[in-house]
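This is a walk through one structure, starting inside one chain and ending where two chains meet. Please have the sequence and the 3D view open.

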Amino acid sequence: MSDLTQDSDAGVIGTGTHLSNLPTVDPSAEPSAEVPVDGSARLSNLPARDTPDPSAPPIRVVNLRKSFGELEVLKGINLTVERREVVCVIGPSGSGKSTLLRSVNMLEPPTSGEVLIEGINMCDPDVNLDLVRARIGMVFQQFNLFPHMTVLRNVTIAQQKVLKRSKAEAERVAAEMLARVGLTEKLDVHPSQLSGGQQQRVAIARSLAMNPDMMLFDEPTSALDPELVGEVLEVMRDLAKSGMTMMVVTHEMGFAREVGTRLIFMDDGVVIEEGDPREVLANPQQARTQSFLSKVL
Amino acid sequence: MASIDIRPTTRRRMSVGAWYVVAVGLIALIVFTADWDTMKSQFANGEIAKALWPDIVVIAMWNTIWYTLVSFVVGTVFATLLALMKMSSGPPKWFAIGFIELFRGLPALVTIMACMYVIPIAFNGTKIPGGSVGAGLVALIVVTSAYGSEIIRAGIEAVPKGQREAASSLGMPASTTNLWVVLPQAFRIVLPPLTNEFVTLLKDTSLLYVAGTTIATRELTSFSRSWLTYYGNATPLVLGALCYLIITIPLTYLVSRMEKKFAVKK
């Protein structure tokens, strides 16, 4: 099971087989191998299941399949995202790229296959998902800010309720993160009084305030007016520069080329092609990639 | 033939004018045909009004208000729990469905009588504390929670799915998400139907008369009815009706202001 690599199925030159460089200790194999039979065995297993393994890749997806009723939208995806990588996922609508991203933090639980976050098996029902999710930032197409709270409260609430930070500490972190995304005023207004670009930057600050180990972006600029796209991409570019591990579903080819360390092209629930963004965008190998890029570039 | 050619502004003015004519005519009809002397002595008798003061406010109106507030606040808390239970799965869901269907289906009067008389008989003399008022309030709470839960469930379902997803992605457990993200928005959405429920409940407190009230525990309707019988005069009923309006009209005004305030924030 642990031998499955992301590149073998796609049949394309990736940026290298990351898995081969890793230590062979793989906690993912354990849960399925020794199903606990009594309470004591289960108890002793618990810490190992919830504790992140610093040597494991931040995101590892193994043979992931997802069906909505009869419709299979993910048909066996294998993918590994290493630390400090910025993986951009592109593809036509309905290709399953958003579903893939959303299954990384189990907003869409997979039908089969596994998702490992820093070695923690997200599909294990005994894993506390909330603990793991707190370390995965997520930014949505529709921002999903809490409309009944002020900007400041949007950024402090999870810090206080999940990380149990004091109000003062949470507000200090919030101000710092909001400044990082370029918002130093309007902290006491409600999100509806902000532009789309400002709202999305607040959403990014809200995620950053949790000190995440990685960030997921689900078409973060698709709902924005064209003139507001730039300010959000700018924040994401800075984030990538700071070394954040990122997985970005996007239609912004310029961003993918410039900031991405790897580009994945998906269609019809499978990875068609992946590799260095500049290479893939300039010289796509697969017919479907060529046809897609000819329409969007 | 020439009359067809009316300008739209003229036509509009004529139609508004027609409404005024009808309204003035109706008022004149009432003013000139009603027996004002009898009306005054039967419905607005000053002597009786003086005799009812201040009990109608400090006892009857006060009781109506606090019966309503207690049943509404406690009932809404239970309604929220029932709504969340109904949206879960397994035994909590079945319990919620059973409870809601039963108490929404029964007339409130039947529930009140059940709390009053059936429980002591069925459970060997066990009585709900607080006497007849206590039993009546328990019944109103039960009825309010059954009706309110469907209102609140609609509110919860109207909160966009992305809100829950955003909260989950921040690591918030379901209980935290409900308490801080979903329910505050759901209540804003269902403020108008919940106000409706409040007003219905305000009037349903009059059903407590079946519980047999003492002088100190009478609410507006039982108070007015007993003095109506005593004087053989409708003045107490008119005053009671005014008291209800004194509560409901400022309330609806207040709620519409709250709605506007929330609308700006959203």
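Helix H9 (residues 226–241) of chain A gives the most to the lining of the largest cavity, with three residues; helices here are DSSP runs of H or I, at least four residues long, numbered from the N terminus. The model is predicted, so local features need pLDDT of at least 70 and side-chain atom pairs count only at pLDDT 80 or more, while totals for chains, interfaces and linings use all residues. Residues are numbered from 1 along each chain as its sequence is written, chains are lettered from A in the order in which they are written, and side-chain values use heavy atoms, with hydrogens and water left out.

The lining of the largest cavity consists of A:Arg180, A:Val181, A:Leu208, A:Val235, A:Asp238 and A:Leu239. By class, four of these are nonpolar, none is polar and two are charged.

Now turn to the interface. In chain B, 21 residues are in contact with 25 residues of chain A (heavy atoms within 4.5 Å). One salt bridge is found across this interface (a side-chain nitrogen of Lys or Arg within 4 Å of a carboxyl oxygen of Asp or Glu). A:Arg102 forms a salt bridge with B:Glu165, and their closest N and O atoms are 2.6 Å apart. On the chain B side, helix H8 (161–169), helix H9 (174–189) and helix H12 (235–265) each supply at least two residues that touch chain A. H8(B) gives the most, with eight residues. This side of chain B has nine nonpolar, seven polar and five charged residues.

How values were computed. Nonpolar A, V, L, I, M, F, W, Y, C, P; charged D, E, K, R; others polar. 1 Å grid on protein atoms, 1.4 Å probe; cavity = no way out; pocket = protein on both sides within 12 Å on 5 of 7 lines; lining within 4 Å.
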